[in-house]
Protein chains: 2
Amino acid sequence: MNTACETCPVKDSAACAVLTEEERDALAAAGRTRTLKRGEMLFAAGDENAACATLVSGALKVSAIDRDGNEQILALVHPSGFIGELFAPFAHHDVVALTESRLCTFARADINQAIDLYPSLARALLRRSQEDLLATRSLLELNATADAEARLAALIHDFAVAASHSSCHLASEFELPLTRGEIANMLGLTIETVSRKLGEIEEAGAILRKGKRGIELIDPALLQALSGRQAAQA
Amino acid sequence: MNTACETCPVKDSAACAVLTEEERDALAAAGRTRTLKRGEMLFAAGDENAACATLVSGALKVSAIDRDGNEQILALVHPSGFIGELFAPFAHHDVVALTESRLCTFARADINQAIDLYPSLARALLRRSQEDLLATRSLLELNATADAEARLAALIHDFAVAASHSSCHLASEFELPLTRGEIANMLGLTIETVSRKLGEIEEAGAILRKGKRGIELIDPALLQALSGRQAAQA
DNA sequence: CGACGTCTTGACCGTTGTCAAGTCATGTGG
DNA sequence: CCACATGACTTGACAACGGTCAAGACGTCG
């Protein structure tokens, strides 16, 4: 019991939740906790032996920078998410904190060893990896098929889901975790288009903007409709 | 030795390659081989207990169909690739053969059991899953940042790599495994744009079209340049 | 107060989607 | 054997969505 695992807010939902207490503490002994301020990088594309980590609190973005300097956000990481490329010789993407974030980091070698030691951990990471795959594919689908307004509506909807802690209904008021520029980078749009379409969605009566980042959800069903996705309820 | 594993063309590269011969044969006993003709479906989005499979030969596409009937191709699967969502209660996407394909299929329960039995298999599947994740993310990056011509050039380049069996240089003549419509669905474009941009790439002197599907690579460096990616050689 | 960063708004233009013919190869039935 | 239908692809004209460029509003911090 040499660790903070006992009080860890994601101890029941992170990958390590599948371990016994002893196993978990042993693993934790190999790792260390770390705090990142907004904008700080966990690792950059190209880093060798980039660390792996479980996100304890806060939020991260995974992004690629093409050679003209354009950023493309590929994924967001929420608490209890796992980050790290276990097998690639170097990191392919940047990982940066969106808000003040606490992480539980591990050297790649330690995680690899833990995978061999604890088969249930391998299984848990596999599950997480497949979930990440699904999330990335749904972003791909969104960006390829939907127009700007639908993409934005879908993203706002997702944030409303993420902001509400009860997983089944939406937060009625929350802050966008991304700047306009980041939203644009995520959806493959420009800042200006994001701004305009946000205005249109507001005008349509689905949301109300509260300052720069705040959103109040007025009409969830309308938002859903704008996003072009099937409503999930009767 | 009750199986065809001995002569399997992907026995050294598929996930099962990490198993010992006995383990592999035991797993193979639980699976069965299957052949799909072009257009045949392995499973559809929504299927419960969709099978898992290793692709032995041929090619598959993973695609999502939105409710207006538009298909979006999310990934291609090449021989030795693994398909299947191990943990989701139902399949999220369609999986369809692009060419006549041979597969080694397994019930999900059997794969799950095998993962527990053989930790090295879990590790191999985790590795594959992470590779799939990278591939999906690079498609996402491509579709979000590059214009139509660059996307198409990048795709052709990838096919040239895939068609050459020596992994380090390009096939100089090959057949596109996708129809124009499928290319369009994969890149988030329309059939017409694909056709036009193909013409422009040909006119630029990078390729030569041979019939409907054939491509002769004239100037690989130019193709690379058009794709907007860094050339990989001196 | 002024400078800066973030966001908004407007005018304009280009790439790409849409609609519509038209070509070409293949296969079918008279 | 030829006429015709079919499906995949190409090409053209046009329109629209979203990108680009430019100016301005707003809030925050020095």
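By what turn and what shift along the axis can chain B be laid on chain A? A turn of 180° and a shift of 0.0 Å along the axis do it, with an RMSD of 0.0 Å; copies are superposed by least squares on the C-alpha atoms of residues with pLDDT of at least 70 in both. That is the relation of a two-fold axis.

This is a predicted model, in which local features need pLDDT of at least 70, side-chain atom pairs count only at pLDDT 80 or more, and totals for chains, interfaces and linings use all residues. Residues are numbered from 1 along each chain as its sequence is written, chains are lettered from A and ligands numbered from 1 in the order in which they are written, and side-chain values use heavy atoms, with hydrogens and water left out.

**DNA strand D**
- Around DNA strand D there are 19 residues, where near means that a heavy atom of the residue lies within 4 Å.
- Those that come nearest are A:Ala148, A:Thr193, B:Arg180, B:Ser195 and B:Arg209.
- By class, this surface has 11 charged residues (Asp, Glu, Lys and Arg), 5 polar and 3 nonpolar; nonpolar covers Ala, Val, Leu, Ile, Met, Phe, Trp, Tyr, Cys and Pro, and polar covers the others, Gly among them.
- Sugar or phosphate accounts for 60% of the atoms of DNA strand D within 4 Å of the protein, and bases for the rest.
- An N or O atom in the side chain of A:Arg196 is 2.9 Å from a base oxygen of DNA strand D, and a polar side-chain atom of B:Arg196 lies 2.9 Å from a base nitrogen.
- The elements giving two or more residues to the surface near DNA strand D are α6 (191-204) of chain A and α6 (191-204) of chain B; helices are DSSP runs of H or I with at least four residues, and strands runs of E with at least two.

**Sheet in chain B**
- An open sheet of 4 antiparallel strands has the order β1-β8-β3-β6; strands pair if DSSP finds at least two bridges between them.
- Its edge strands, β1 (32-36) and β6 (82-83), each pair on one side only.
- β1(B) is joined to β8 (residues 101-106) by 5 bridges, and B:Leu36 has B:Ser101 as its bridge partner in β8(B).

**B:Ile218**
- B:Ile218 sits in the loop between β11 (214-217) and α7 (220-226) of chain B.
- With a relative accessible area of 43%, B:Ile218 is partly exposed, a class between buried (under 20%) and exposed (over 50%), using a 1.4 Å probe and protein chains only.
- Beyond neighbours within four places in sequence, B:Ile218 is in contact with B:Gly205, B:Ala206, B:Ile207 and B:Leu208, contact meaning heavy atoms within 4.5 Å.

Key
A polar contact is a pair of N or O atoms within 3.5 Å; within protein, one must be able to donate a hydrogen and the other to accept it, and residues adjacent in sequence count only if both atoms are side-chain atoms.
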